[in-house]
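Biologist: Could you take me through one part of this model closely, strand by strand and contact by contact? I would like the cut-offs spelled out as you go.

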Amino acid sequence: MTAGTPATLYRLRQAVAKIEGQETDLGIGRRLFAFGIRKIDTVLQGGLAPASLHEIAPTALRDLGAAAGFAFALAARAAKGGGDTLCIQTDFTAIESGNIYGPGCDLFGLQTKKLLILKVSRPRDALWAMEEALKCRALASVIAELPHDGSIADLTATRRLTLAAREGGGLGLLFRHRPSSLASSVETRWEVAAAPSLPDRYGGLGRTAFVLSLTKNRHGPADRWPVAWDHHERVFSALSLDMAETAFDRPDRAPHIRAS
Amino acid sequence: MIVEPVKSALRICALNDAAVALGLKAWMPLADARAMHPSLWVEDADPQADRVLLDGVADWCDRYTPLVGLDPADGLFLDVSGCAHLFGGERTLGGDILSRLARQGLSAQIGLADTAGCAWAVARYGKTWLVPKNDTREILLTLPLAALRLDDKIVSALAQAGLKRIADVIDRPRAPLAARFGNGFLRRLDQALGTEGESIQPRLPLPSYVAERRFPDPIGREGDMLATIEQLARELALLLERHDEGARLLQVALFRTDGKVYRLEAGAGEPLRDPGRIKRLFVERLVSVADACDPGFGYDMVRLSALVCEKLDPAQSGLAGEDHQTELAHLVDRLSARFGPRRLTRLVPHDTHIPEFAVAAVPAQLARGVFVTDPVKQDSLAPMRPVRLFAQPERIEAVAEVPDGPPVRFRWRHVLYEVTKAEGSERIAMEWWRDVEGHALTRDYFRVESKEGIRIWLYREGLYGRDMLHKSDWRPSWYVHGLFA
């Protein structure tokens, strides 16, 4: 029998999976994770690059929940193509920002059954685990939560993580509890603030809203946008500016930070 | 000399050679001994420390056979059937045990015989320690009755009847003996003779498969240890493959030259027999226990055993190109080995309304079952449950406009929040079977959004009306339980 080299079989399996309309984990991590908002995708030249490292931090300490949510939203989009998500927390960050809560994640769009949670005691261990996990091709994304400004993730550490992400093809998300001014080799750096949601018809809480500030971008300029997250469809949508205006009620900051 | 209180008098329970030379005997009252020799060095008995020492020696004896049983307070049983030839015969084996123990500063008496009872007898009362095959009966005939592991009471009762040696009872009619001294006595006799079987209770679970290596020169470097583990893993893999099995729980035992034994365990989520992967697991384990595992003068034996095995059918590799699932399973194993299986978890939903019990963190290696999710019913655009939940709800100061309503403002972690939108209340009462003491108060949960857009899950504990009836100064207490995105 001559048929059936592994490569052919692999292609056939993908084709069958496509015909059957199944989600397949055979080819994850090779396309850009677009936001679905034209303005953001243009700046990012198509979307967040997989197989690379991105950094997330809350604008102020009170925005921790929002930043965690944004990380989960990105992970949820990355997990659409199959593959699991690994969240790494140090014990301290779990006290500071709470434990990852399964029912909430499910509602937010990140499937709990696809979620792995690792608790470590030291930030150094979190970086080690993240590097190991990024090399694994079965993970769609890896989120590592570091206390304070996560100064342990310096240029060398982020370079190592970038290389690991390139090897494994997953999305690496470094979640610092405070924005850091350290040089790092990340692809993009985000600062996330919570924004008042658009109330629903009865005046209740609306869709989760963020103000995203892209403070570092290797592929274009930095900018900021108010966005809403539809946890049902797992898509972002632009929030109209006049509603988000109130979100800028905070001390002024340098308006345009260009990417280095 | 060691003393311990026996029947309201301090009696000597152990003594050294010098004390024996002075004419002292075990179980002599201390007062008598002091009267004979006023300047005796006396210590209190410490059974706990004795037990620890015995456990340590038992650990060390593992090098001879996996079947080591404890015989409190001062004995060990080793089942060496089938092992003795590995050490060059029974005589050499016994000599080896004695000389190695002597090097550790321990003096021991050993007995080696066909039955555990006979070995016990010769170790304590025999003239020679080695009982040749089929000589059990002859040797026993020469020994006193106390060698049969009997109660002191029975021995003295037998002595009163004029029965002092095993030879005196061995051929007597059994029925009268049993009637007078109980069945236990005859059972001990039969066990020593081998007419009744006796199994040794092993201290540790018996591994299904074992591979081990001894070193004439001890090794101590981590690289050497890992190389050894890999070689052993290769041997173990052959054994496992022959039986179509894979290991779920592996153990490396490191025998230090001075008798200390370290045991490192590593679990696997899927049955495993790939030597490379087994080695990687122990790389992580060694890193995580580096401080607790001091090689000292080195290890002279390393043993790798598969404690728990599962069926693993030979799989054809390469069909799906790269197999991501195996890769994930291996990552899970490695992370669990490094940080501990309880640190890497998956969340398994539970069917309860109490938020903190609605989900359980199950070790990822064990969470292979099905996940049944019954999502909380959604009543608005915003999620009903937070993405982050605090292990300990945080107390806040809150002001509500109406007693039962949501707060209008609250202070959490020194920051004041003005509530602009709120949803609730969602009333969650503690399930009666969890609330053993009946103290748990009903909680009213609110989802609130502050002026800045911070979304928080908080609750008020206790109900107006019912709970405040009992106390006049009752005031509601508010807690932050979780964070929404």
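Modeller: Happy to! Let me begin with a term: buried means under 20% relative accessible area, exposed means over 50%, and partly exposed lies in between, with a 1.4 Å probe and protein chains only. Helices (H or I, at least four residues) and strands (E, at least two) are DSSP runs, numbered from the N terminus. This is a predicted model, in which local features need pLDDT of at least 70 and side-chain atom pairs count only at pLDDT 80 or more, while totals for chains, interfaces and linings use all residues. Residues are numbered from 1 along each chain as its sequence is written, chains are lettered from A and ligands numbered from 1 in the order in which they are written, and side-chain values use heavy atoms, with hydrogens and water left out.

The part to look at is strand 4 of chain A, residues 115-120. Of its 6 residues, 6 are buried, so the strand is largely enclosed by the rest of the structure. In a regular strand the side chains alternate between the two faces of the sheet. Here Leu115(A), Ile117(A) and Lys119(A) point one way, Leu116(A), Leu118(A) and Val120(A) point the other way, and all are buried.

Now for its partners; two strands pair if DSSP finds at least two bridges between them. Strand 2 of chain A (residues 84-90) runs parallel to strand 4 of chain A, and 6 bridges join them. Along that pairing, Leu115(A) has Thr85(A) opposite. Strand 4 of chain A also pairs with strand 10 of chain B (residues 344-349), this time in the antiparallel sense and over 3 bridges. There, Leu118(A) has Leu344(B) as its bridge partner.

Thr208(A) belongs to strand 8 of chain A, residues 208-217, and counts as buried at 3% relative accessibility. Contact means heavy atoms within 4.5 Å. Leaving aside neighbours within four places in sequence, Thr208(A) is in contact with Phe108(A), Val227(A), Ala228(A) and Trp229(A), and with Pro383(B), Arg455(B) and Ala485(B).

Next, the nonpolar core, which is a set of buried Ala, Val, Leu, Ile, Met, Phe, Trp, Tyr and Cys residues joined through side-chain atoms within 4.5 Å. The largest one has 70 residues, and those with the most contacts inside it are Phe35(A), Phe70(A), Trp190(A), Phe210(A) and Phe236(A). Helix 3 of chain A (residues 64-78) gives the largest share of this core, 12 residues.

One backbone detail in chain A is worth a look. Most residues other than glycine have a negative phi, and most peptide bonds are trans. Ala51(A), although not a glycine, has a positive phi of about 50°. This residue sits in the loop between helix 2 (38-43) and strand 1 (52-58) of chain A, and at 16% relative accessibility Ala51(A) counts as buried.
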